[in-house]
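Biologist: Please pick one part of this chain and take me through it closely. I would like to see how that part sits within the whole.

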Amino acid sequence: MEKGKLQKIVLQPNKYRVSTATFIEFIFFWTIAMEFLVTELELPGAIRYANDAIVLLLIARIVPNFSRLNVPQYKWVILSFLAFFAVIVVGVIGNLVPMRYVVWGGRNTFRFFVYFFACAMFLNRKNIERVMTMLLGVQLLNIILAIYQFIVLGRWSDDLGGVFGLGNTTGTCTLCLLLVTYYFIKFMNKETSIVKFVFAM
């Protein structure tokens, strides 16, 4: 590498830093894909824990930037979270819950809050619109896979998971609700075409 290019990299390290929005988007789309990879392509179940590693990175970004939530509309959200946390701490101490259960339960419960606060702090309108546009592509893939699973594999009801994999219709229903709600509002505000709204439905 030329000396000038090397100096440029050293002097401008933030240019190569992965944005927090990228971490947030990775968790979002990995959550959609991972069950399909496990149940359909038989990848190891351990790939589910990739999200946990990214959540730890989000915590490292949230802590020094928490002042971003110091605005009136977030006050009650933060107070509600602190009250919820306090109740859990009292319950853990009062019931002498074993530490391994505390760690596992904390992981399952609080990663949502980490993700929620990260979205509130680091995403803007452009990020959200980008994700929702990409979700239309996910929905197209979801439809194709669901048709294949129904006709070729003979699945139906709860086993018809589409892009979310075997037995994961909860994911498909949530995706459909999210898309219909978002594109209905966009259509009513004349911010999207009827084609996208109908496709979302």
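Modeller: Happy to! Of the 201 residues in the chain, 29% count as buried (buried is under 20% relative accessible area, exposed is over 50%, and partly exposed is in between, with a 1.4 Å probe and protein chains only). Please keep in mind that this is a predicted model, in which local features need pLDDT of at least 70 and side-chain atom pairs count only at pLDDT 80 or more, while totals for chains, interfaces and linings use all residues. Residues are numbered from 1 along each chain as its sequence is written, and side-chain values use heavy atoms, with hydrogens and water left out.

First, the setting. The chain has 8 helices and 0 strands (DSSP runs numbered from the N terminus, with at least four residues of H or I for a helix and at least two of E for a strand). Its radius of gyration, taken over C-alpha atoms, is 21 Å, whereas a compact globule of 201 residues would be near 17 Å; that globule rule is 2.2 Å times the number of residues to the power 0.38. Along the principal axes, the C-alpha atoms fill a box of roughly 60 × 50 × 45 Å. Among contacts with a separation of 6 or more, 64% join residues 24 or more positions apart, where contact means heavy atoms within 4.5 Å.

Now to the part itself. Helix H6 covers residues 125-151, and asparagine 142 lies in it. Asparagine 142 counts as buried because its relative accessibility is 4%. Its side chain makes a polar contact of 3.1 Å with the side chain of glutamine 139 (a pair of N or O atoms within 3.5 Å; within protein, one must be able to donate a hydrogen and the other to accept it, and residues adjacent in sequence count only if both atoms are side-chain atoms). Beyond its neighbours within four places in sequence, asparagine 142 contacts Gly161, Gly162, Val163, Phe164, Thr172 and Leu175.

Next comes the loop between H6 and H7, where arginine 155 lies. With 16% relative accessibility, arginine 155 is therefore buried. Leaving out residues up to four places away in sequence, arginine 155 touches Glu40, Gln149, Phe150, Leu160 and Leu166.

Tryptophan 156 is also found in the loop between H6 and helix H7 (169-188). Tryptophan 156 counts as exposed because its relative accessibility is 62%. Its C-alpha atom is separated by 26 Å from that of isoleucine 47, 109 residues apart along the chain.
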